[in-house]
Amino acid sequence: MPAPLRGGLQATTLLFFVLYSAASFTADDEKLERFLARLGLVELQIVHVERSLEGATAGPDEQQRLARRLADLYAEQLMNSADDPAAYNDLVQRIEDLLARFPAANTAALQVMLLQADY
C-alpha cells in the first residue's frame, strides 16, 4: 500500500478510534480490534486494548483476558521495534508495568518474544 494512502487510512482510523470510547470490552470493541488487525495497525490495537483495560468495569476474568491480549500485542510489537532502542525500551517498560499489575499476562509466548528480541 502506498505510504500516503496508508498514512491517510491510519489517520482516519485513529480519528474513528478517538471518537469511539467504551467502558468495557464489548462486541463492538472486538469488531474494532479485528478491523485494526486486518489493516495491520498493531499500534492502534495496543492503544485500544490499553484503554479498554484501564476502563474495564467487568470482573477480574475480563481484565485478565484483556491483559493477556495486550501481552500478545506487545510481543508482536517487540520484533518490530527491536531495531529502534528507544521504542524497544519503551515497550519493555510497558510490558513490565503490565506484568506488575497482571502477573497472569506473563505468558510463554511473551517470554519467548522477550528472549528473541533481546537476542
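Colleague: How many helices and how many strands does the chain have?

Modeller: The model is a predicted one. Its chain has six helices and zero strands, and along the sequence the pattern reads α-α-α-α-α-α.

Colleague: How much of the chain counts as buried?

Modeller: Of the 119 residues, 35% do. The chain exposes about 7100 Å², and carbon and sulfur atoms supply 57% of that area.

Colleague: Take helix α2. How do you know that its span agrees with its number of residues?

Modeller: Helix α2 covers residues 27–39, which is 13 residues.

Colleague: Which residues of α2 are buried, and what puts them on the same side?

Modeller: The buried residues of α2 are Asp29, Leu32, Glu33 and Leu36. They cover an arc of only 100° around the axis, and therefore lie on the same side of α2. In general, an α-helix has 3.6 residues a turn, so residues three or four places apart point the same way.

Colleague: Which exposed residues sit on the face turned away from that buried side?

Modeller: Ala27 and Arg38 are the exposed residues carried by that face of α2. Just after the helix, Gly40 takes a positive phi of about 75°.

Colleague: Phe35 is also in α2. Why is Phe35 called partly exposed?

Modeller: Its relative accessible area is 34%. Buried means under 20% and exposed means over 50%, so a value in between is called partly exposed. The C-alpha atom of Phe35 is separated by 9.2 Å from that of Gln45, ten residues apart along the chain.

Colleague: Why is Glu33 called buried?

Modeller: Glu33 has a relative accessible area of 8%.

Colleague: What makes Glu33 and Arg69 a salt bridge?

Modeller: Their side chains meet at 2.4 Å, N to O. The cut-off is a side-chain nitrogen of Lys or Arg within 4 Å of a carboxyl oxygen of Asp or Glu, so the pair qualifies. Glu33 lies in helix α2 and Arg69 in helix α4, so the pair ties together parts that are 36 residues apart in sequence. Arg69 is partly exposed, at 27% relative accessible area.

Colleague: How many salt bridges does a search of the whole structure find?

Modeller: Five. One of them joins Glu62 and Arg65, with the closest N and O atoms 3.0 Å apart. Glu62 and Arg65 are three residues apart in helix α4, and are therefore separated by about one helical turn. Glu30, Glu62 and Arg65 are linked in a network of salt bridges.

Colleague: Are Glu62 and Arg65 buried or partly exposed, and why?

Modeller: Glu62 has 18% relative accessibility, under the 20% limit, so Glu62 counts as buried. Arg65 has a relative accessible area of 34% and is partly exposed.

Colleague: What makes Arg94 and Asp90 a salt bridge?

Modeller: The closest N and O atoms of Arg94 and Asp90 are 3.6 Å apart. The limit is within 4 Å, so this pair qualifies too. Both residues lie in helix α5, four residues apart, about one turn of the helix. Arg94 counts as partly exposed at 26% relative accessibility, and Asp90 is partly exposed at 42%.

Colleague: Which residues have the most contacts inside the largest nonpolar core?

Modeller: Leu78, Ile95 and Leu98 do, in a core of 24 residues. The elements giving two or more residues to this core are α3 (42–54), α4 (60–80), α5 (85–101) and α6 (108–118). Helix α4 gives the most, with eight residues.

Colleague: What does Leu98 contact, leaving aside neighbours within four places in sequence?

Modeller: Leu98 is in contact with Leu53, Ala67, Leu70, Ala71, Tyr74 and Ala105.

Colleague: And why is Gln77 called buried?

Modeller: Gln77 lies in helix α4. Its relative accessible area is 11%, and the limit is under 20%, so Gln77 is buried. Not counting residues up to four places away in sequence, Gln77 touches Val42, Glu43, Ile46 and Leu91.

Note on methods. Residues are numbered from 1 along each chain as its sequence is written. This is a predicted model: local features need pLDDT of at least 70, side-chain atom pairs count only at pLDDT 80 or more; totals for chains, interfaces and linings use all residues. Side-chain values use heavy atoms; hydrogens and water are left out. The expected span of a helix is 1.5 Å times one less than its number of residues. Buried means under 20% relative accessible area, exposed over 50%, partly exposed in between (1.4 Å probe, protein chains only). The arc is that of the directions from the helix axis to the C-beta atoms. Accessible areas come from the Shrake-Rupley method with a 1.4 Å probe; for residues, only the protein chains shown count as cover. A nonpolar core is a set of buried Ala, Val, Leu, Ile, Met, Phe, Trp, Tyr and Cys residues joined through side-chain atoms within 4.5 Å. Contact means heavy atoms within 4.5 Å.
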